[in-house]
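I opened this notebook to record what I looked up in the structure.

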Amino acid sequence: MISLTVTAVVFGVVFLAELPDKTALAGLVLGTRYRASYVFAGVAAAFALHVALAVAAGSVLTLLPQQLVQALTGVLFLGGAAVLLLKKGEDEEEIRKPEDQSFWKVSGAGFMLILVAEFGDLTQIMTANLAARYDDPLSVGLGAVLALWAVAGLGIVGGKALMKKVPLRLITQIAALVMLALGVWSLWEAVTG
């Protein structure tokens with residue numbers, strides 16, 4: 001059974017953390033060069049694979065003693081918050097243009113870009129933490145994949161407009177504060193549990 005509360009919390013945390021990420025900018029660049037639906041298909045498939053791997057890793061963590069998992073999760077969330085607050089603006093990475101613009105070439109380029117760029121990324125680690133914290137792989141997986149797809153869709157279709165209205169630094173700070181709160185909460189539960 002899927003918990004809407006867990007799904008919503010995960011969606012919010014992952015969405016905010018992914019918005020200022022380089023892959024949102026890469027999606028924006030790909031979306032301006034190619035058919036948006038082709039780009040989204042490849043990007044969405046890569047994100048789904050990353051979420052499945054993260055949820056599986058987080059589910060393994062649930063086999064450890066609960067206090068240890070809460071402490072580890074808290075430390076990782078605090079580390080993630082620090083990474084978001086301390087990271088400098090990232091330049092757009094060079095994206096190679098496929099020779100032709102067929103579905104398989106364009107979606108393959110999007111898939112490979114996200115597969116490589118997001119492996120071990122903050123949001124993948126965060127998803128594993130959330131899977132360990134909530135011990136609800138379906139709800140966590142659904143929230144994370146929907147958040148990543150939403151960010152990819154925004155990046156591909158309307159990233160420029162969003163960035164004109166909401167400063168990237170503000171989005172990053174909000175994501176860091178949410179992660180900081182989750183880290184403190186997890187550590188509090190580890191100490192008092």
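**Entry 1: α3 against α6**

I listed the contacts (heavy atoms within 4.5 Å) between α3 and α6: His50, Val51, Leu53, Ala54, Val55, Ala57, Gly58, Ser59 and Leu61 of α3 meet Gln124, Thr127, Ala128, Ala131 and Ala132 of α6. The model is predicted; local features need pLDDT of at least 70, side-chain atom pairs count only at pLDDT 80 or more, and totals for chains, interfaces and linings use all residues. Residues are numbered from 1 along each chain as its sequence is written, and side-chain values use heavy atoms, with hydrogens and water left out.

I then looked up the geometry of this pair. The axes of α3 and α6 are 7 Å apart, and the packing angle is about 40 degrees. Axes are lines fitted to C-alpha atoms, for helices over the stretch in contact, and angles run from 0 to 180 degrees between N-to-C directions. The two helices are therefore oblique to each other; angles under 35 degrees count as roughly parallel, over 145 as roughly antiparallel, 65 to 115 as roughly perpendicular and the rest as oblique. α3 passes α6 in a right-handed crossing, a term that applies if the near helix is turned clockwise from the far one by less than a right angle, and left-handed if anticlockwise.

**Entry 2: α1 against α6**

For α1 and α6 I noted an angle of about 160 degrees and axes 10 Å apart. That makes α1 roughly antiparallel to α6. On the α1 side the contact is made by Val6, Val9, Val10, Val13, Val14, Ala17 and Glu18, and on the α6 side by Thr123, Met126, Thr127, Leu130 and Tyr134. This crossing, too, I recorded as right-handed.

**Entry 3: the whole chain**

I counted eight helices and zero strands; helices (H or I, at least four residues) and strands (E, at least two) are DSSP runs, numbered from the N terminus. Of the 193 residues, 45% count as buried, where buried means under 20% relative accessible area, exposed over 50% and partly exposed in between (1.4 Å probe, protein chains only). Among contacts with a separation of 6 or more, 93% join residues 24 or more positions apart.

**Entry 4: the largest nonpolar core**

Of its 31 residues, Val10, Val14, Val39, Leu130 and Val140 touch the most other members. Two or more residues come from each of α1 (4-18), α3 (36-61), α5 (103-117), α6 and α7 (137-165). α7 gives the most, with eight residues.

**Entry 5: single residues**

Thr123 lies in α6 (residues 122-134). I noted Thr123 as buried because its relative accessible area is 2%. Beyond four places in sequence, Thr123 touches Val14, Ala17, Glu18, Glu118 and Leu148.

Gly31 belongs to α2 (residues 22-33) and, at 18% relative accessibility, counts as buried. Leaving aside neighbours within four places in sequence, Gly31 is in contact with Val39 and Ile156. The C-alpha atoms of Gly31 and Val157 are 6.5 Å apart, with 126 residues of separation in sequence.

Val75 is placed in α4 (residues 66-86) and counts as exposed at 51% relative accessibility. I found 7.4 Å between the C-alpha atoms of Val75 and Leu187, which are 112 residues apart along the chain.

Definitions and conventions: A nonpolar core is a set of buried Ala, Val, Leu, Ile, Met, Phe, Trp, Tyr and Cys residues joined through side-chain atoms within 4.5 Å.
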